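Here is a short report on how some parts of this structure pack together. Look at the sequence and the model before reading on.

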Amino acid sequence: MEEPLTRYLRARIPDAEDVTVSDLSRIPGGASRETWMFEASWTSAGERTTTPLIVRKDPPASLLDTDREVEYAFYSSFYGTRVPVPRMCWLEADATILGGPFFIMERIVGCENNTRVILAPPYSALQPQLAREMYEILAAIATFDWHGSAIESVCRVPTADSAWRDELEHWEAIIDEEELSPQPVIRATIRWLRAHPPRPAQRVSVVHGDYRVGNFLYRDDGHIHGILDWEMAHLGDPLEDLAWSFNQSWQWARDGRPGGIVERDEAVRIWEAASGLTADAASLHWWELFTDVKCQGIWLKGARAFQEGKTSEIFLALVAYSLVNTQDQSALRAMGKMS
Amino acid sequence: MKPDAVRVLQGVSLSLLTQVLPEVATPFGQQTTSVAAGLAAMVGEEFDRAADRLVAENGAVRTILRDAMPLLAADLQASVTRALGTSAAGYRVSALQAENDALRGALVDVHAAIGAIDSDAARAIDGRIWEELVESTRRREWTMRIT
């Protein structure tokens, strides 16, 4: 990939000479896009520049089918705001260059995003500060004025009343299409959700769509330096992100605490204080149960992609083996059917 | 006598973790090796129990479907009857899974229909379906520790 990347950068950076790409390596994770980091160097006006960059490339098959143009728009819209994101460089739809559409962004260096590292010293002592920042940034996302931004031009805008229904129908359709076998638990969950709708959204907000420990960059200064993985971002009910961050699949310490770093009630308190919004208990419960449906849609899609040979990414098979059943159990517990 | 599949896959898993992983230089390679190890261990457990789980579950779902039949509308009775007529020819896991798919597909429809009926008999079936759904997840729990 070094050669096509070098050619691409040579064409994209004006007056660049002696362009080189080095230290190219794939970053673990990234089940929706292949993520690679590299150093780009070039000479311009006699001066040598070296920049750490990230390329996010669409794989042949993944857990998600999302539009990188949408992800790019969210990153671009938040750059320079209270919500820390890397600066976007180029968006490329031509799949022939790297074998799939991609975008390139600056790399925020010197950070961790590992979900185990944050549980251990020295980060364990920083968890209260990181958690505060995590939910204050989420509040900033929820209250961001997206009108007139690039987001508005790439997203469908739901109403406050339709936000829950739109999301439920979207993920139900994915399950309809992707399930390899009938899913009686999640079908019952969907019926429950439809029969007990939440209150209308307090506002139509940006929803990151995958906001959780594991998708932000942190340092030992106790601060969050980048919010990543906007591939499921959309406009909707801000409670969706709050609920998603609570899902058991990312309770990394297995102790019931969101992300393994904060008590649920404390997270709600921080978010409410910072956003001025209210996390109505019944509505939040609805959205938490919804996240089980959404997770299941993602796991089932990956399972089908692997089963049908669209990909041999064994991570997708592992997800199906390890998470589909626990997600069913999470939904059963949330509906009071299982202790 | 040869080592059974469970032991073979346990050995594959341990070998990947203890012998291969330390030799892998890149984070992506390390993650892929760890995933392969975990997957091998899970597939091993599933290999041993899959047929037993499917036979038990197919029997449990059949009983519920039969007992629910008098409460169902004619068109649903017809589709449930078709599902009940599905029977695996032999004990291949793929055949048992196909039978399971037919029966659990019917269970989804019956659960939806029963939930809309206001009667003690329907509520009793509804309760049994929920119990079966809970039990179905317990049948799929891993006894091995997944890291």
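At what angle do the axes of helix α10 of chain A and α2(B) cross? This model is predicted, and in it the two axes cross at roughly 40° and come within 9 Å. An angle of that size is neither roughly parallel nor roughly perpendicular, so α10(A) and α2(B) are oblique to each other. Their crossing is left-handed. From α10(A), the contact uses Ile314(A), Phe315(A), Ala317(A), Leu318(A), Tyr321(A) and Ser322(A). From α2(B) come Thr32(B), Val35(B), Ala36(B), Gly38(B), Leu39(B) and Met42(B). Nine of the contact residues are nonpolar, three are polar and none is charged.

Helix α2(B) also packs against helix α1 of chain B. The angle there is about 170°, so α1(B) and α2(B) are roughly antiparallel. This crossing is left-handed too. Among the residues that meet are Leu9(B), Leu16(B) and Val20(B) of α1(B), and Ala40(B), Val43(B) and Phe47(B) of α2(B). The contact holds 13 nonpolar, four polar and two charged residues.

| Helix pair | Angle | Axes |
|---|---|---|
| α10(A) and α2(B) | roughly 40° | within 9 Å |
| α1(B) and α2(B) | about 170° | 8 Å apart |

Now to the domains of chain A. The domain assignment gives domain 1 (2-106) and domain 2 (117-334). Their centres, taken over C-alpha atoms, are 26 Å apart. Domain 1 brings 24 residues to the contact and domain 2 brings 26 residues. On the domain 1 side, 14 are nonpolar, six polar and four charged.

Terms used:
Residues are numbered from 1 along each chain as its sequence is written. Chains are lettered from A and ligands numbered from 1 in the order in which they are written. This is a predicted model: local features need pLDDT of at least 70, side-chain atom pairs count only at pLDDT 80 or more; totals for chains, interfaces and linings use all residues. Axes are lines fitted to C-alpha atoms, for helices over the stretch in contact, and angles run from 0 to 180 degrees between N-to-C directions. Helices (H or I, at least four residues) and strands (E, at least two) are DSSP runs, numbered from the N terminus. Angles under 35 degrees count as roughly parallel, over 145 as roughly antiparallel, 65 to 115 as roughly perpendicular and the rest as oblique. A crossing is left-handed if the near helix is turned anticlockwise from the far one by less than a right angle, and right-handed if clockwise. Two residues are in contact if their C-beta atoms, placed from the backbone, lie within 7 Å. Ala, Val, Leu, Ile, Met, Phe, Trp, Tyr, Cys and Pro count as nonpolar, Asp, Glu, Lys and Arg as charged, and the others, Gly among them, as polar. Domain bounds come from an automatic or database domain assignment.
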